[in-house]
Amino acid sequence: MTTLRLALLTIILTTISTLSVIAQERTITLDEDVFLTSTLLVVNDDYLGVFANFQKIFLLYDKKTGKFITEINASDSFPGFNWAPIFPKLLQNEVFFTNSAPFGVYINYDNKVTHVADRKFFASMSFDFVHDSLFVGFYTQPNGEYELRGVGRDGEPLLTFDTIELEFPRLTDRVMNNQMLYHREHIYFMPAYTNTMYVFNLKGKLEQTITVEIDGFVKPKRDLQNSRTVDGKDFVQVTKGRSTGWGLYALNNKELLITGRNSDKGYVSRVNIEDYTAKSKMVKSSVLPKFAWDNKLYFIDVESEPIVIKERSISDYWNEL
């Protein structure tokens with residue numbers, strides 16, 4: 001993958017006649033030799049990351065220029081390392097990866113491993129960072145128990161959360177797309193198959209439980225009989241035709257963005273964090289954003305050759321729905 005350094009940034013200006021304004025759509029075109037399957041994007045003020053977990057690939061770009069920086073891979077600086085990344089987060093000076101074992105790996109933007117979490121650290125698939133040394137995650141157990149907790153870089157307990165009552169605890173245990181988000185001195189948790197949002201302060205105290213009014217959201221009628229059933233028939237019966245959350249993002253200082261799916265349809269909701277009112281629109285699943293940051297939405301088309309990443313403003317995207 002030596003030719004990965006040849007990323008191209010182009011600016012495409014398109015006219016939206018109905019608004020009589022010029023909309024800007026930035027695109028980053030990956031090198032023609034890059035072929036990815038299932039991908040996700042992570043973005044902060046300075047960087048944009050492209051992650052393909054099955055291929056163990058994480059490509060890092062300068063967000064402002066679109067210039068390729070490096071392919072981050074723990075085995076580059078740690079020979080013999082069991083590199084099986086599952087999910088990344090961009091931190092201030094590092095990229096954190098949940099990993100198969102060990103469960104947490106920190107790598108700086110120069111592609112050097114800075115920390116490997118201790119054995120007592122257990123990764124969650126629903127997590128965020130309050131800061132680089134405070135990991136907050138949602139944990140479930142096969143016996144139906146669950147909790148939110150905050151830990152340090154080696155799993156040491158740092159923050160205890162108030163207990164919450166989940167509507168579908170077995171279903172929540174079964175899926176990986178429950179959402180945790182830290183934003184503006186609050187921690188938000190949203191189980192995958194409900195439109196309920198739990199809002200905590202930085203002491204772990206539950207401040208509000210919100211029902212987000214999402215147009216077209218359809219909850220399951222019941223919970224699973226067993227969260228770890230092998231054949232999956234009960235899971236299909238419970239979730240068929242029901243809505244599931246797909247992403248929870250900090251859109252700007254006043255809004256969160258929620259994305260989700262219901263069969264072949266998708267939904268996008270903008271939630272005002274001052275009064276928790278929501279504006280929602282139904283969309284094709286194919287046009288759901290992969291990430292949201294600083295009033296911009298990010299998309300990736302892995303079927304195009306070469307692969308293209310697109311950045312659009314939320315206002316242009318919203319007005320065209």
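Arg-26, Thr-27, Ile-28, Leu-48, Tyr-298, Ile-309, Lys-310 and Glu-311 line the second largest cavity of this predicted model. Strand E2 (21-29) and strand E25 (308-313) each contribute at least two residues to that lining. About 40 Å³ of space lies in the second largest cavity. By class, its lining residues divide into four nonpolar, one polar and three charged.

The count of cavities of 30 Å³ or more comes to two. The largest cavity has a volume of about 50 Å³. It is lined by 13 residues, and the closest to its centre are Met-190, Pro-191, Ala-192, Gly-245 and Ile-258. Strand E19 (residues 243-250) gives the largest share of this lining, three residues. The lining of the largest cavity holds eight nonpolar residues, five polar and no charged.

The linings divide by residue class as follows.

Turning to the strands, an open sheet of four strands runs in the order E7-E8-E9-E10, with antiparallel pairing. Its edge strands are strand E7 (85-90) and strand E10 (113-116), each of which pairs on one side only. From one strand to the next, the twist averages 20°. Strands of a sheet pair through backbone hydrogen bonds, either parallel or antiparallel. Within this sheet, strand E8 (residues 94-99) and strand E9 (residues 104-108) pair in the antiparallel sense over five bridges. Phe-96 stands opposite Tyr-106 in E9.

Conventions
Residues numbered from 1 in each chain as written. Predicted model: local features only at pLDDT ≥ 70, side-chain atom pairs only at ≥ 80, totals over all residues. Heavy atoms only, no water. Pairing = 2+ DSSP bridges. Axes fitted to C-alpha atoms, helices over the stretch in contact; angles between N-to-C directions. 1 Å grid on protein atoms, 1.4 Å probe; cavity = no way out; pocket = protein on both sides within 12 Å on 5 of 7 lines; lining within 4 Å. Points joined across faces, edges and corners; volume = space filled by probe spheres on them. Nonpolar A, V, L, I, M, F, W, Y, C, P; charged D, E, K, R; others polar.
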